[in-house]
Amino acid sequence: DKDMSAVLVYMCDVGLLLRDRPTAGWLDEEHRYSILSEVYPGMVLQSLSEKDAVASLVRDYISSFGPVTDADIVWWSGLGKIRVRSALRSLRNELVEVRVCGRPETYRMLAADLESLRDMQSYGQPNVNLLPANDGYVMGYADRTRFLEPKYRERVIDSAGNVTNTVLVDGQILGVWDIEDTDVPTVKVHMFEFVQHLAGEKIYAQAKRLGNFVCGRDVRFRQCDKMETFDTRPAGSFMSPLSDC
């Protein structure tokens, strides 16, 4: 059998096919494919020029992930510096430049979003999120130091740039999680540093809820004191970060 992966990727790129659900479980790398025009019969890909489409993509990215740097836009979009700069020029009336406390870079965001950002209030208590591998939040920026301390990088990101399942406390990656779906399903969490009691309770509650959803039954909770870093593990280990726990 010949490898058709390159052909399938090209057909998706030009709008002939749409990659659908995995053929087996949620970790399966093989996917079904559908004809895009049958799934979205009203979609006309030629309704926008390439220049307008690029500008629309850049605007939507800034709206979703801003404040962002130009390097973030280039890295996430894959469009290259020249095309991104052209898009930013066409959007100059919609954008503002801002500075983030403690960081030297200049950031961009939509002017319409600036007031909402200024009016944001603290939650008053820890905000906890358990995100899956390669989640859009952690994959959306070229510079991850905005939410990940460099000393923890090898516990979160592998050599190929894949990001494992993460535990965020107030927007900062402070741990990783994993699920062992066996006869006695277990959700495992490894924290890089101590978190206050209320944050710990929220991590436990969210981990249990997530494990019950994925496994379809009640799961145990296990706190892992150690984990093997990804710089010493084989490719693909980011999908099971706590398999050695």
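**View 1. Surroundings of Thr 186 in the predicted model.** In this predicted model, the contacts of Thr 186, apart from neighbours within four places in sequence, are Asp 178, Ile 179, Glu 180, Arg 220, Phe 221 and Arg 222. Thr 186 belongs to strand β8, which covers residues 186–191. Its relative accessible area is 1%, so Thr 186 is buried. Met 120 lies 66 residues from Thr 186 in sequence, and the two C-alpha atoms are 37 Å apart in space.

View 2. Helix α9 spans residues 197–215 and includes Lys 208. With neighbours within four places in sequence left out, Lys 208 is in contact with Val 187, Asp 218, Val 219 and Phe 221. Phe 221 is also among the contacts of Thr 186. The relative accessible area of Lys 208 is 17%, and because buried means under 20%, Lys 208 is classed as buried.

**View 3. Salt bridge between Glu 50 and Arg 83.** The closest N and O atoms of Glu 50 and Arg 83 are 2.8 Å apart, and the two residues form a salt bridge. Glu 50 is in helix α3 and Arg 83 in helix α5 (residues 81–90), so the pair ties together parts of the chain that are 33 residues apart in sequence. Glu 50 is exposed, at 57% relative accessibility. Arg 83 is partly exposed, with a relative accessible area of 35%. The structure holds eleven salt bridges, and this pair is one of them.

**View 4. Salt bridge between Arg 108 and Asp 70.** Arg 108 and Asp 70 are joined by a salt bridge, with 2.6 Å between the closest N and O atoms. Arg 108 is located in strand β4 (residues 106–110) and Asp 70 in helix α4 (residues 70–77); the pair therefore ties together parts that are 38 residues apart in sequence. Arg 108 is buried, with a relative accessible area of 18%, whereas Asp 70 is partly exposed, at 31%. A network of salt bridges links Asp 70, Glu 97 and Arg 108.

**View 5. Salt bridge between Arg 146 and Asp 72.** A salt bridge joins the side chains of Arg 146 and Asp 72, at 3.6 Å from N to O. Arg 146 sits in the loop between α7 (136–139) and α8 (153–156) and Asp 72 in helix α4; the pair links distant parts of the chain, 74 residues apart. Asp 72 is buried, at 1% relative accessibility. Arg 146 is partly exposed, at 23%.

**View 6. Packing of helices α3 and α4.** The axes of α3 and α4 are 11 Å apart, and the helices pack at an angle of about 115°. The crossing of α3 past α4 is right-handed. On the α3 side, the residues that meet α4 are Leu 57, Val 58, Tyr 61, Ile 62 and Phe 65. On the α4 side, they are Asp 72, Ile 73, Trp 76 and Ser 77. Asp 72 also takes part in the salt bridge with Arg 146.

View 7. Val 39, Tyr 40, Met 43 and Leu 45 make up a nonpolar patch on the surface. Together these residues have about 350 Å² of accessible area. Tyr 40 is placed in the loop between α2 (36–39) and α3 (50–65). At a relative accessible area of 40%, Tyr 40 is partly exposed.

Conventions
Residues numbered from 1 in each chain as written. Predicted model: local features only at pLDDT ≥ 70, side-chain atom pairs only at ≥ 80, totals over all residues. Heavy atoms only, no water. Helix = DSSP H or I, 4+ residues; strand = E, 2+ residues; numbered from the N terminus. Buried < 20%, exposed > 50% of the residue type's maximum accessible area, 1.4 Å probe, protein only. Contact = heavy atoms within 4.5 Å. Patch = residues over 30% accessible without salt bridge, like charges linked within 9 Å, V, L, I, M, F, W, Y side chains within 5 Å. Areas by Shrake-Rupley, 256 points an atom, 1.4 Å probe, with all protein chains shown as cover. Salt bridge = Lys/Arg side-chain N within 4 Å of Asp/Glu carboxyl O. Axes fitted to C-alpha atoms, helices over the stretch in contact; angles between N-to-C directions. Left-handed = near helix turned anticlockwise from the far one by under 90°.
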